[in-house]
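Hi,

Here is the structure I promised to pass on to you. Have a look at it first, and then read on for my notes.

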Amino acid sequence: MAKYPQNINKCLKLFWGNHLNQVYKPHYSVLKKECIDFLTENANDPNQNYCFADLTFGGGGHSLELLKKSSNFQVISVDQDPDALKNGQHIIEQEGLSERITLLSMNFSKFWEHVKSNNNAILKDQGGFQGILMDLGVSSHHFDEDVRGFSFKKAAPLDMRMNNLDNSIPTAADIIAKASEEELSEIFFRYGEERFAGRIAKKIVEQRSSSPILTTSDLENIIFHCYPKKFRYGRTNPSTKCFQALRIAVNSELDVLSSSIPNLISLLKSGGRLAIISFHSLEDRIVKKIYKSISQLDNVSVKILTKKPVVPSEEEITINSRSRSAKLRVIEKL
Ligand SMILES: C[S@@+](CC[C@H](N)C(=O)[O-])C[C@H]1O[C@@H](n2cnc3c(N)ncnc32)[C@H](O)[C@@H]1O
């Protein structure tokens with residue numbers, strides 16, 4: 001079954017060798033207008049400068065829209081993906097925006113600490129950020145760039161690290177190779193809500209004892225055959241949920257989200273807003289729950305501005321079908 005070398009690093013090298021000059025795949029920014037309107041509604045004094053943070057720069061759509069809106073706006077943007085950062089730096093130089101935007105390479109879970117130790121001027125002079133945005137998950141680039149291993153539609157090494165230069169992060173292939181049957185089942189069930197999680201985990205453990213599972217196609221093939229015949233050709237590909245689950249596990253997506261929200265609210269100035277776009281119910285539940293619990297604290301004064309999440313219009317979904325599951329929730333520091 002394995003069409004690739006039996007070692008993930010050799011496998012990655014083989015693919016990267018052919019993709020050294022790869023281009024960042026276009027990303028359509030979801031709920032762009034709605035998001036920017038929420039973030040900038042209180043930033044309308046022409047004599048004042050406002051600082052925003054975009055913690056998921058991606059293709060830069062939201063950051064650039066903020067900068068376009070007013071010359072009084074500055075943005076500190078963050079991404080952990082080397083491709084997004086390289087592409088972003090290129091755009092910033094090309095557009096002559098380097099005076100107004102700073103692009104940082106880091107996991108957003110470290111942003112709070114970074115600001116506290118390095119950027120105190122924003123906190124001291126401006127009282128904090130006017131707006132912070134998180135547009136969660138992966139970008140179209142991750143799915144469309146074959147070598148990254150996020151998509152079951154393309155044969156590639158099972159990598160799935162957003163920060164694929166950090167070799168201390170276990171890849172999806174590492175998890176598939178080392179996690180116990182119970183752990184795999186838990187990952188698929190918890191992060192993918194996969195109903196055949198147990199069966200798939202069992203098959204993986206059985207299969208890996210005779211030949212390593214290193215590629216997206218190896219895994220896709222196993223999952224496909226674990227699905228009962230009548231469910232194999234439904235509207236959703238059988239691999240969708242397990243691939244989502246593995247990606248969440250590899251990048252610790254839910255943990256970094258939960259631990260970051262309270263810290264980020266503390267970086268807002270009075271009237272500043274945190275806007276979070278999520279793409280599946282696991283993330284949305286976390287955002288909703290943490291917003292609610294912070295709004296009940298006595299020592300922090302906030303207002304939830306989206307009683308119900310804002311979702312894309314039919315028109316946006318027609319233009320970009322990947323936006324269909326997006327939900328935007330916004331909270332304001334009073
Ligand atoms: C949905 S895309 C953002 C798209 C962007 N808003 C735009 O308009 O082009 C999410 C981006 O966030 C990055 N990302 C996800 N989780 C992250 C984290 N914990 N720390 C830093 N960057 C992260 C991903 O690498 C990806 O580039």
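A word on the model before anything else: it is predicted, so local features need pLDDT of at least 70 and side-chain atom pairs count only at pLDDT 80 or more, while totals for chains, interfaces and linings use all residues. Residues are numbered from 1 along each chain as its sequence is written, and side-chain values use heavy atoms, with hydrogens and water left out.

**Domains**

The protein chain splits into domain 1 (8–24 + 147–250) and domain 2 (32–140 + 254–333), with bounds that come from an automatic or database domain assignment. Their C-alpha centres are 30 Å apart. Where the two domains are in contact (heavy atoms within 4.5 Å), 16 residues come from domain 1 and 17 residues from domain 2.

**The ligand**

Which residues are closest to the ligand? They are Ser-29, His-62, Asp-79, Phe-108 and Asp-135, out of 24 residues that surround the ligand; a residue counts as near if one of its heavy atoms lies within 4 Å. By class, this shell has eight nonpolar, 13 polar and three charged residues. In that scheme Ala, Val, Leu, Ile, Met, Phe, Trp, Tyr, Cys and Pro are nonpolar, Asp, Glu, Lys and Arg are charged, and the others, Gly among them, are polar.

A polar side-chain atom of Ser-29 lies 2.5 Å from a ligand oxygen atom, and a polar side-chain atom of Asp-135 lies 2.7 Å from a ligand nitrogen atom. Gly-61 uses its backbone instead, with an N or O atom 3.3 Å from an oxygen atom of the ligand. On its own the ligand has 610 Å² of accessible area, and the protein covers 98% of that (areas come from the Shrake-Rupley method with a 1.4 Å probe; for residues, only the protein chains shown count as cover).

**Helix H3**

Gly-61 and His-62 also belong to helix H3 (residues 61–69), where the buried residues are Gly-61, His-62, Ser-63, Leu-66 and Leu-67. Helices (H or I, at least four residues) and strands (E, at least two) are DSSP runs, numbered from the N terminus. Buried means under 20% relative accessible area, exposed means over 50%, and partly exposed is in between (1.4 Å probe, protein chains only). The buried residues of H3 pack against helix H2 (32–40) and against strands S1 (50–54), S2 (73–79), S3 (101–105), S4 (129–135) and S5 (268–278).

**Buried residues in strands and helices**

Helix H2 holds Phe-38, which counts as buried at 19% relative accessibility. Phe-38 and Arg-273 are 235 residues apart along the chain, yet their C-alpha atoms are separated by 7.6 Å. Leaving aside neighbours within four places in sequence, Phe-38 contacts Arg-273, Leu-305, Thr-306, Val-310, Leu-328 and Val-330.

Arg-329 sits in strand S7 (residues 327–333). Is Arg-329 buried or exposed? Arg-329 is buried, with a relative accessible area of 6%. Its side chain makes a polar contact of 2.7 Å with the side chain of Asp-284. A polar contact is a pair of N or O atoms within 3.5 Å; within protein, one must be able to donate a hydrogen and the other to accept it, and residues adjacent in sequence count only if both atoms are side-chain atoms.

Ser-278, in strand S5, is buried too, at 2% relative accessible area. Beyond four places in sequence, Ser-278 touches Leu-136, Glu-283, Asp-284, Ser-325, Ala-326 and Lys-327. Ala-326 is 48 residues from Ser-278 in sequence, with 5.6 Å between the C-alpha atoms.

Glu-283 is in helix H14 (residues 281–295) and is buried, with a relative accessible area of 3%. Among the residues that Glu-283 touches, beyond four places in sequence, are Leu-136, Glu-253 and Ser-278.

**Two positive phi angles**

Met-160 is not a glycine but has a positive phi of about 70°. Met-160 lies in the loop between helix H7 (140–144) and helix H8 (172–178), and counts as buried at 0% relative accessibility. Glu-193 likewise has a positive phi, near 50°, in the loop between helix H9 (181–192) and helix H10 (197–208). Glu-193 is partly exposed, with a relative accessible area of 39%.

Enjoy exploring, and write back with any questions.

Best wishes
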